[in-house]
Structures are given as structure tokens and as C-alpha cells.
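The following paragraphs are intended to be read beside the structure.

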Number of protein chains: 2
Amino acid sequence: MRDRSIFAGLNTEELRSLGMEVQDIACHQGDVLYRKGDSARHAYTLRTGAVKLVKSLENGREVIIRLLHRGDLLGFEGMQDAQHRHAAIVLAPSQLCRLDLAELQRLSERLPKVQEAIRQRWQQALQSSEDHIMELGAKRAEARLATFLLQWAEHYPRLRSLPFPLSRPDLAAFLGLSTEHVSRIMADFKRHAFIQEQRGHLEILAPQSLAELAGKWPDHKPD
Amino acid sequence: MRDRSIFAGLNTEELRSLGMEVQDIACHQGDVLYRKGDSARHAYTLRTGAVKLVKSLENGREVIIRLLHRGDLLGFEGMQDAQHRHAAIVLAPSQLCRLDLAELQRLSERLPKVQEAIRQRWQQALQSSEDHIMELGAKRAEARLATFLLQWAEHYPRLRSLPFPLSRPDLAAFLGLSTEHVSRIMADFKRHAFIQEQRGHLEILAPQSLAELAGKWPDHKPD
DNA sequence: AAGGCGCATTGAGAAAAATCAATTTTGACT
DNA sequence: AGTCAAAATTGATTTTTCTCAATGCGCCTT
């Protein structure tokens, strides 16, 4: 575990030997890694668990911009901005590595490999953000939720029962819906036996049916 | 004009002298720079004009993922993916510089400055995508449109009458709304004398009022 | 100047989603 | 096991948005 590569193909030891300060951190549900506006001192790699990136609107409404899974990076916006752009909140028991941003900065100037790795992750983030925009802009609630559940499942391959630490408000904040609407649709999915839920775990019983919903639009033009 | 820096602080001549193939391109409304799935051979910098990045869903619905203005880069996803992720379509008469991706790749390995510049632009793209997610996820149609118009205006500082080459369907595809709904809201804005429109040009008469709409949520709780 | 075409607008009705207000379920703690 | 608080569900209603269909307008061509 300790010797697995955590960033840019380097493991903890190698990073440390390059002068990087790396700290293992264990977090649990609700922990705040940083808040929007905090001065950005650290970046993180998520080794296990799940984290949400949250932004809030002036009127208090919260939106989950991105959900992070094993292997994802966060806090790297600190490489440009002096402050974090969103809050990072831990959803499930997680293990992270904390990297000093200033040192990472220096390291990336010396090692093109690191620079390259960062750019690649950024690219992935952009990719996933663009997909999210598609979902929000073009699909209805039912389809968004179906897509989301299937995507969530992809992060836990060959696992019948998936860890599912998201509350209804979390789902709503990610999918741009009201809590109640999410709740209704989830209830529907259960009634149709597409999914099953219990104590923070989710089982997808009919991926096929969800996939159909996910791809379909308002009206059912079968041409 | 020709000697202005176009990328990573380098101007056309400097890039050429570094072995980069740079081509000036003039486009007009409707031109397709590349389509989704095209093998990615070039990246572009947009010198003047406007370009839309479009993705389409299986069911044919189109979404505008991002709108590009003077100074923006596009096509850089080709540095990771072999193919373009979306279509790039010119909205208004535009001038672009076309860069060879393979050479750019090589250049970026040699010059950290270039690598750094690319990462920075990526970061900006991510930033704007995340803002867009906020808009789509948390605001209603009226507010989205108001925000959008104000943002558009920011790209043309100290200009009373803004170039506005977007059709109603374009606006709808960007804001995740139906064409008709956009049309209604625009008509409303005109009736309230918030804006004025004519032949592809837009004038914002009451930025203050738009700003209020932009920040407000469904119900009007004045506390 | 007349005709026609594409785009924008408007209207009416239906569908989707939000809101408000209970009620039920769940899970934690004693 | 029993109580309590938080979270989820459900129901009723309103608001928002979409859809479908018709109409209007501007611009280009002839």
C-alpha cells in the first residue's frame, strides 16, 4: 500500500526523497479539507474514499461541482490561484496524501514528468466537468440520476454492493435538483427494482433499465 | 497585430523560429474547425471573433459546452486524446492561428514556459466550466440568461454595442433551455428595457437590473 | 416591389420540477 | 429496548419549463 505510486508515477518515498513534504491523512465523513477562499497551501491525492467539491451561490444554495474517487487529485487550483475555489468535504472514510503546494510548484518546474501528470489530471477534470454540463443541460431528472448511478458503479468494479455515502441533498446538489425530487425518483427506481439501498450501500439490480433511462429524452420518439 | 504575442508569451515569428508551424486562418460564421471524433492534428488560438464548442447527445440534442473569445485556446485536448472531444464551430468572422499539435507537444517538453502556459489555460477552461455547472445546477432560466449577457459584455469592454452572433438556438443550447423559453425571456428583457438588440448586436441598457436578476433565486425572499 | 425562406416570436396546453407541509423511517445514544 | 433527532419519504399545490402549432418579421433573391 505504502509503496504504490500516488502521483506522477512516484510513490511516497520517492516524492519525499525529492524534497517533497508528503503527509498521510485519514479523514472521515464530514471533515473539511479546505474551504472556499482558504489560502491554498496544500494539494491532495485521494487514495481511498470519496470527497465532494462544493461551491455555494450568494443565496446560500450549494452545488457539488465534482465528486472525487480513489486516485483523483484535488486542491491543485492552488497552483494558479492563491486561494481555493471551492470547499472540499469528505463523504466517506478516506485516506489522502497531502502535498505542499509550493514544493510541488518547484518540483514541477524541475520534472517535466510531474508537470505532464498534473496537466493530464487537469484534462480529466475538464473532461468530467464537460460531461456534467451535458447532463445538466440536456437531460431530465430521471435520466440524470440514472446516468449518475451507473457512473458511480463504474468506480467500484466487480462489487455487487457499492459504498454510497451520498445523502439525498448531496445527490440533489450534484444533479441540480431538489432533494424531494431526487427522493421520489430513487423511490421509483426501487419500486421498479432497478436498485436497492441499505445503510449507505447501493446495489444496482437492473443496469440495463437504468441505461435505457439514462439515454432517453423527454419524449419517447422511437422513430 | 502580427507581432502580438499569441501563445505562451511568444508571437508568431518566435514560434516559427522554434520550429513550430503556425498558420493564420480567417474564418466566418458557420465554418467548422473540427468535428467530434476528428483525429486531433491541430490546436488553435483565437485572435478575434467567437467560436462555440459543441457536443451532441445520442438523441441528437446539441449542447454548447463552452464559448470562446479573443485569446482563448482550443483543440488542446488533442495533447492527450487522439481525437477531438467536441466540434468547434465559428460563430462570427474570426481570425485564428493554427498550431501543429505534434510539434506543440515537442515544444512543450523543451520549454517549461510553454507547458506552464498550457496548464494555465486549461485551468481557466476548468474554471469556466465549473462556473457553468453552477449556473445550470442552481439558477433558473431568467437568472442564467441575465448572468450570461453580463458575462458576454465583459468580453467587450468599453463597447456600447456588443457583437452578438448567437442565435436563439445557440443560447438555448448553452443555457440548457428550449429555444422558445430563451426567446420569451429575451423579449421580456427588451420590454423592461434591460437590453436592446439589432442585427447581431446587443446593447445592455440596465446592467444593474440584470445583475439583480442574475443573483436572485426562485422565490423572492427579501429577508 | 413581391415572394419566399429562415429565424424569432407568441400562445395555449401539458409536462416536469420546485415548494411547502406533514409523516414516516432510520440510526444513534442512553 | 426506548427515546430522540436527523434524514427520507410522501402528498398536495404552485411554479417553471417544455412542446406543439401558428404567426410574424427581416432579409435576400428575383
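**Salt bridges, chain contacts and DNA**

R85(A) and D81(A) form a salt bridge in which the closest N and O atoms are 3.6 Å apart. The model is a predicted one. Of the two partners, R85(A) is buried, because its relative accessible area of 8% falls under the limit of 20%. D81(A), by contrast, counts as partly exposed, with a relative accessibility of 22%.

A search of the whole structure finds 23 salt bridges over all chains. One of them links E197(A) to R168(A), whose side chains meet at 2.8 Å, N to O. E197(A) belongs to strand β10 (residues 195-198) of chain A and R168(A) to helix α5 of chain A, so this pair ties together parts that are 29 residues apart in sequence. E197(A) counts as partly exposed, at 26% relative accessibility. Elsewhere, salt bridges with shared partners join R66(A), D81(A), R85(A) and E130(B) into one network.

A further salt bridge is formed by E130(A) and R66(B), with 3.1 Å between the closest N and O atoms. Here the pair joins two chains, because E130(A) lies in helix α3 (residues 112-138) of chain A and R66(B) in strand β6 of chain B.

How much area do chain B and chain A bury between them? The figure is about 3,900 Å², and 58% of it is on carbon and sulfur atoms. R119(B), I133(B) and M134(B) supply 19% of the area that chain B buries against chain A, more than any other three residues. In terms of contacts, 40 residues of chain B touch 40 residues of chain A.

Across this interface there are 6 salt bridges. Among the salt bridges of the structure is that of K55(B) with D131(A), in which the closest N and O atoms are 3.0 Å apart. The two chains also have 18 residue pairs in polar contact. On the side of chain B that touches chain A, β5 (42-56), β6 (62-68) and α3 (112-138) of chain B each supply at least two residues. The largest share, 20 residues, comes from α3(B). By class, this side of chain B consists of 14 nonpolar, 14 polar and 12 charged residues.

Among the atoms of DNA strand D within 4 Å of the protein, 63% belong to sugar or phosphate and the rest to bases.

Several side chains place a polar atom beside a phosphate oxygen of DNA strand D. For S183(A) the distance is 2.7 Å, for R140(B) 2.6 Å, and for an N or O atom in the side chain of H181(B) 3.1 Å. The elements that give two or more residues to this surface are α5 (168-175) and α6 (179-191) of chain A, together with α6 (179-191) of chain B. The largest share, 6 residues, comes from α6(A). By class, the surface near DNA strand D has 9 charged, 6 nonpolar and 5 polar residues.

Technical notes:
Residues are numbered from 1 along each chain as its sequence is written. Chains are lettered from A and ligands numbered from 1 in the order in which they are written. This is a predicted model: local features need pLDDT of at least 70, side-chain atom pairs count only at pLDDT 80 or more; totals for chains, interfaces and linings use all residues. Side-chain values use heavy atoms; hydrogens and water are left out. Contact means heavy atoms within 4.5 Å. Buried area is the accessible area (1.4 Å probe) that two parts lose on being put together, summed over both. A salt bridge is a side-chain nitrogen of Lys or Arg within 4 Å of a carboxyl oxygen of Asp or Glu. A polar contact is a pair of N or O atoms within 3.5 Å; within protein, one must be able to donate a hydrogen and the other to accept it, and residues adjacent in sequence count only if both atoms are side-chain atoms. Helices (H or I, at least four residues) and strands (E, at least two) are DSSP runs, numbered from the N terminus. Ala, Val, Leu, Ile, Met, Phe, Trp, Tyr, Cys and Pro count as nonpolar, Asp, Glu, Lys and Arg as charged, and the others, Gly among them, as polar. A residue is near a molecule or strand if one of its heavy atoms lies within 4 Å of it. Buried means under 20% relative accessible area, exposed over 50%, partly exposed in between (1.4 Å probe, protein chains only).
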